Amino acid sequence: MEKTIEDPPTSAVLLDHCHFSQVIFNSVEKFYIPGGDVTCRYTFTQHFIPRQKDWIGIFRVGWKTVREYYTFMWVTLPIDLNNKSAKQQEVQFKAYYLPKDDEYYQFCYVDQDGVVRGASIPFQFRPENEEDILVVTTQGEVEEIEQHNKELCKENQVLKDSCVSLQKQNSDMQAELQKKQEELETLQSINKKLELKVKEQKDYWETELLQLKEQNQKMSSENEKMGIRVDQLQAQLSTQEKEMEKLVQGDQDKTEQLEHLKKENGHLFLSLTEQRKDQKKLEQTVEEMKQNETTAMKKQQELMDENFDLSRRLSEKKMICNALQREKERLEGENDLLKRENSRLLSYMGLDFNSLPYQVPTSDEGGAGQNPGLVYGNPYSGIQESSSPSQLSIKKCPICKADGICDHTLEQQQMQALCLNCPICDKIFPATEKQIFEDHVFCHSL
């Protein structure tokens, strides 16, 4: 199979969707001798327009899709399609790429969409043999055979015409017979329907006659009843006339009562007008009272909001006081621990806590002064001073200048509780870094 740099465009289109009559292959031999080049000649039909990627392939007979080509050649596009000579083209297949077996093959024209536009008759690649030798006859025998063939064709044509005529007559007779049979069936069905209709009409008339006789008897009995009913109605009419006279007299009495009621209605209308005026005055009074009530409700709401705000602030203050109280208790516990640690360190250094000229200040003394027994003083004096609540109680607030505890002093005390200040170098540590703070203060004593 031919190996090319670029494969031709193919598709999975089946044979049923191909158009084999748009490109016609000319002068296709029954067989080609192996070892020689093969020239493929083809012609474009009137409505077919070739494109750049069209190609001609050699396919083994029995192929299903255009991907089964053995070899192919690209189609050369003509310069002018309107020229008659441009419709006739040819390509040459090299002997090296042609099949070597004796299977049947055919040329196929495939466009750039992978659709077959033309196919040739089958051919083989094999050498010439004796079976392909032509049989030569004389001219006289050929003319005699042609004359006999013409006579047979004429007789065949006459027989065909007579057969067509007979077939036409037969079809006409069958159509007429079918029509007559349909008419007969229609008449029979109409006859049956008429018989049934006559029978039904006879039964209907007999039934109607019986009904009319029964109705005549009913009418006679009803006529007698109607005579009795008329007498009764005349008696009722005389009674109703008497009652009508009584109703007319009662109507006159009702008319007089109606006049009297109209006069009373006028008096009531005047009193109703006065009551409506009084009602308008009452409505104005009620509206004023509603406005006063709305104003009072607004004031009450403002007082409730103010009370809620004061309650919220009081709860916040209580929470801060509770937090400070807990912080104070925690710091006092830490102060006790530091005292015990300081006594342990002094005993470790060989000093007696009671023999020192100055003792470590306790929390009751307010943390005033430092312990002279230590080289750099008490390293935890800053914690003790910050935990003493007595100093905050005697200081004035630097913001509002108030004595004792206020909001600003509580916030300041809370910030101090969250920070640790070194008493020597004033370095600030967060409360979460307590161990680092203690190590830092201890380093000053070394």
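**Salt bridges, pair by pair**

A: Let's start with Arg-60, which counts as partly exposed because its relative accessibility is 42%. The scale goes like this: buried means under 20% relative accessible area, exposed means over 50%, and partly exposed is in between, using a 1.4 Å probe and protein chains only. Two bits of housekeeping follow. This is a predicted model, where local features need pLDDT of at least 70 and side-chain atom pairs count only at pLDDT 80 or more, while totals for chains, interfaces and linings use all residues. Residues are numbered from 1 along each chain as its sequence is written, and side-chain values use heavy atoms, leaving out hydrogens and water.

Now the pairs. The structure holds 11 salt bridges, each being a side-chain nitrogen of Lys or Arg within 4 Å of a carboxyl oxygen of Asp or Glu. Arg-60 takes part in one of them: its side chain meets that of Asp-101, at 3.2 Å from N to O. This pair links distant parts of the chain, 41 residues apart, with Arg-60 in strand E4 (residues 55–60) and Asp-101 in the loop between E6 and E7.

Next, look at Arg-41 and Glu-90, whose side chains form a salt bridge at 3.4 Å, N to O. Here again the pair connects distant parts of the chain: Arg-41 sits in strand E3 and Glu-90 in strand E6, 49 residues apart. Arg-41 has 38% relative accessibility, so it counts as partly exposed. Glu-90, at 46%, is also partly exposed.

What else ties these two strands? Strand E3 (residues 38–44) and E6 run antiparallel, joined by 6 bridges; two strands pair if DSSP finds at least two bridges between them. Zoom out, and you'll find 3 strands in an open, antiparallel sheet with the order E1-E3-E6. Strands E1 (23–26) and E6 (88–93) stand at the edges with a single partner strand each, so one side of each has no neighbour in the sheet.

Now hop over to helix H1, which covers residues 139–348. Glu-334 and Arg-330 are both in H1, 4 residues apart, or about one turn of the helix. Their side chains meet in a salt bridge at 2.4 Å, N to O. Glu-334 counts as buried because its relative accessibility is 12%, whereas Arg-330 is partly exposed at 35%.

Some salt bridges share partners, and in this way Arg-51, Asp-111, Asp-113 and Arg-117 are joined into one network. In E8, Val-116 is the bridge partner of Val-110. The hairpin of E7 and E8 has 5 residues between the strands, and in it Gly-114 takes a positive phi near 80 degrees.
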